[in-house]
Amino acid sequence: MIVIAPSSDLTPDQVARFIHSLGLDINIKETCYGANIEGPKGQVRKALTEVRKLDPNRIFSKVRAFPIGDERRCRAHHGSRPGFNQVEKEWKDLSMIDAGLCAADRGEICELPPPPEKLPVKRLREIVDEVTK
Amino acid sequence: MTIKIAQLSCGTEYSGIQSEIDHAADTVGGKMVYPDVAFDDIKRSVDEFGFNPASPQLQLMIARAKSLADGHYDADAVFIATCFRCAEGALVRNEVRRYIQEHTKLPVVTYSFTERLKAAQLLTRMEALVTIVEKKELLARERQVGLTAGIDSGSSTTKAMILRDNEIIGKYWTPTGPVLETGLEVLEKALAEAGVKQSELDGIGVTGYGRFLIGKKLGAKLIQEELTVNSKGAVWLADRQKGEATIIDIGGMDNKAITVRDGIPDNFTMGGICAGASGRFLEMVTKRLKVPIEDLGALADKGDWKKVNMNSYCSVFGIQDLVTSLAAGNTIEDVAAAACHSVAEQVYMQQLQEIDVRQPVIQVGGTSLISGLVKAVGDMVGSKPIIPKHSQYIGSAGAALLASGFLEGI
Amino acid sequence: MKVFMIPPNSLILYDLVERFGHQPLSLMGELREHVVKPEIESPPLNLSQEDIMNGLKYAGIEVPSGVRGRLGIWGPMVDEAEAAIIMHDMPYTFGCVGCHRTNLMLIYMVRRKKIPILEVHYPKTDEEAKVMVTKIKAFLEGLK
């Protein structure tokens, strides 16, 4: 399953056509998020390596349990399955992961400021006094 | 027409039972569908609903229920299911059921499952859901016409009734032995009482567990699950065809609680996980007490259930309680009363919590002839249940009545 | 190394583990073996009674069947894991990871193993994502 981050300029159609042009022995199905590909492991891996090169930090992939077009997981057949909402959310957030990957490429040292400490009881008491004055 | 049944559930796939659900729906002309919701709808729906379960799949159930209620998704019926023994799931299941009933007119059934799902029970529920949607006109029939027979092949007893022009002219019941033979026997005896021949019948209706076998053999015009048939028979026998009512049927193997509006069921629950909450338990009690089942009610009327500690969630433990209390010197009247109270309590806890009980309550089935049990049910629901005449024949009466709906030109 | 991920069906984690040179122990890969079996007895996931019984190794019979069914699949994957990444505050745990109780149990099972574990939080901003991705990269590179 190949997913294009929303921050990429690539379209699922471009990705699918590119994979077709590789002339590999695999099935390709364009989806709203990218494309699903299926075939012998080596061929799928090759396609994945090549397609990633188009936009390395904005093309993502994972294994999908169900074969392409399987009715058991077909949205048109039963309505959307729970996993659809997950892909929907992860896809939206891929732009953030893109930012993360770019930072990693640059070797940035990324740290977040420590979370604020809990308000001491003494200070809370002072605030209560101030507010209720 | 395929009936779209919206599935709101958690755990069905990982319990390995989704295929059974799909199969049951398919068998009765239905199809399971999942109301579409977008990711952003889920949080909004849960916030509006007001119950925020920790398990996201239950949040999704809520969002899907809202999608149905808001009319964003079109379905004909609703099936709500969660894993047995999951507290969070049980709470959400019940609240989602209530929400659907308050906000839609869709028939709903709830189900709590384990990996060892009982296919026959699931099929009955699905069939009833589909029947309510598909055969509304048939279920609206209030008068029987022509000469028809109804057979109710139950787990404990088999009943037959012959009706002519809305009058009962013959009836018979006997304990269920071999399904087909017993079905044919009760029909023959009921026909004899009515003084008519089988060849004279305009139509036959069959319900109960053995409906397919008997119905096929007799070429029945109606072969239908007992939930809709029994509720029809109950309101017909009780002459309560208009308005609302709750029908309680404590059967030999499982119990049914059905709410009806103008004689058409709009919600039902069916129990049957433990025999302790069924008529079978009372049968076991009478055997142990060495009294005929016909006398159990009168004995219970004289006893005081509070004197005996009995909780028959499980029939085996229930009988253990009985043995212990007899050994401790309790009277058989007190034990009989405790047994009736215990069954009523189980029905109240397991079934009546899943529907909104509407008055009047009509109690039917063979167990409604046990006065002690009727009293105990009355104590639970806060009013004396109506027991129609021939209340043990509801299934056969309903089957004969509905079968007449298929007669042309009458 | 074989890296287990929580949530085990995450696209983001699967991609990062593979991108940085390790083998993701994929729930979807595991399920694929079930769903493409020639004998389909229990669609859609084709989990058998035996799979659910396998869950008893990780949780008792009094635990709901949906939890045991999940653990029956995930448990052996945890057993196989040589390292793990746990992502907290996941906003999208539906379906396979829709049961909160099972997710808690899974985190515990991973923590109980004596393997390298990285625990991160699901990002809400680019800044948080940068922290998460660089931490994951460093963790995975350090495993070699």
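The stops below go from whole chains to single residues.

**Before you start**

This is a predicted model, in which local features need pLDDT of at least 70 and side-chain atom pairs count only at pLDDT 80 or more, while totals for chains, interfaces and linings use all residues. Residues are numbered from 1 along each chain as its sequence is written, and chains are lettered from A and ligands numbered from 1 in the order in which they are written.

**Stop 1: chain A**

Select chain A and colour it by secondary structure. Chain A has six helices and four strands; helices (H or I, at least four residues) and strands (E, at least two) are DSSP runs, numbered from the N terminus. Their order along the sequence is β-α-β-β-α-β-α-α-α-α. The radius of gyration of chain A is 23 Å, well over the 14 Å that the globule rule gives for 133 residues, so chain A is more spread out than a compact globule. That radius is taken over C-alpha atoms, and the rule is 2.2 Å times the number of residues to the power 0.38.

Of the 133 residues in chain A, 34% are buried. Here a residue is buried if 20 or more other C-beta atoms lie within 10 Å of its own, exposed if 12 or fewer, and partly exposed in between, with C-beta atoms placed from the backbone.

**Stop 2: where chain A meets chain C**

Now show chain C as well. How many residues of chain A are in contact with chain C? The contact joins 30 residues of chain A to 31 residues of chain C, where two residues are in contact if their C-beta atoms, placed from the backbone, lie within 7 Å. On the chain A side, β4 (59-61), α4 (82-92) and α5 (94-105) each supply at least two residues. The residues on this side of chain A divide into 16 nonpolar, five polar and nine charged. In this count Ala, Val, Leu, Ile, Met, Phe, Trp, Tyr, Cys and Pro are nonpolar, Asp, Glu, Lys and Arg are charged, and the others, Gly among them, are polar.

**Stop 3: chain B and its domains**

Select chain B, which has 15 helices and 13 strands. A compact globule of 410 residues would have a radius of gyration near 22 Å, and the 22 Å of chain B agrees with this. The C-alpha trace of chain B spans about 65 × 65 × 35 Å along its principal axes, and 59% of its 410 residues are buried.

Colour chain B by domain: domain 1 (3-134), domain 2 (142-227 + 394-406) and domain 3 (240-387). These bounds come from an automatic or database domain assignment. The C-alpha centres of domain 2 and domain 3 of chain B lie 26 Å apart. Their contact takes seven residues from domain 2 and 15 residues from domain 3.

**Stop 4: strand β1 of chain B**

Select residues 3-10 of chain B, which form β1; seven of the eight residues are buried. β1(B) pairs with β2 (residues 30-33) of chain B in the parallel sense over four bridges; two strands pair if DSSP finds at least two bridges between them. Find A6(B), whose bridge partner in β2(B) is V33(B).

**Stop 5: a sheet and the helix across it**

Next, show the open sheet of five strands in chain B, with order β7-β6-β5-β8-β9 and mixed pairing. β7 (167-175) and β9 (222-223) of chain B are at the edges with a single partner strand each, so one side of each has no neighbour in the sheet. Six bridges join β5 (residues 147-153) to β8 (residues 203-208) of chain B, and these two strands run parallel. S153(B) is opposite G208(B) in β8(B).

Is E193(B) buried or partly exposed? E193(B) counts as partly exposed, because 15 C-beta neighbours lie inside 10 Å. Beyond its neighbours within four places in sequence, E193(B) is in contact with G170(B), K171(B) and Y172(B).

**Stop 6: helix α14 of chain B**

Finish at α14 (residues 371-381) of chain B, where the buried residues include L373(B), V374(B) and V377(B). After α14(B) comes G382(B), with a positive phi near 80 degrees.
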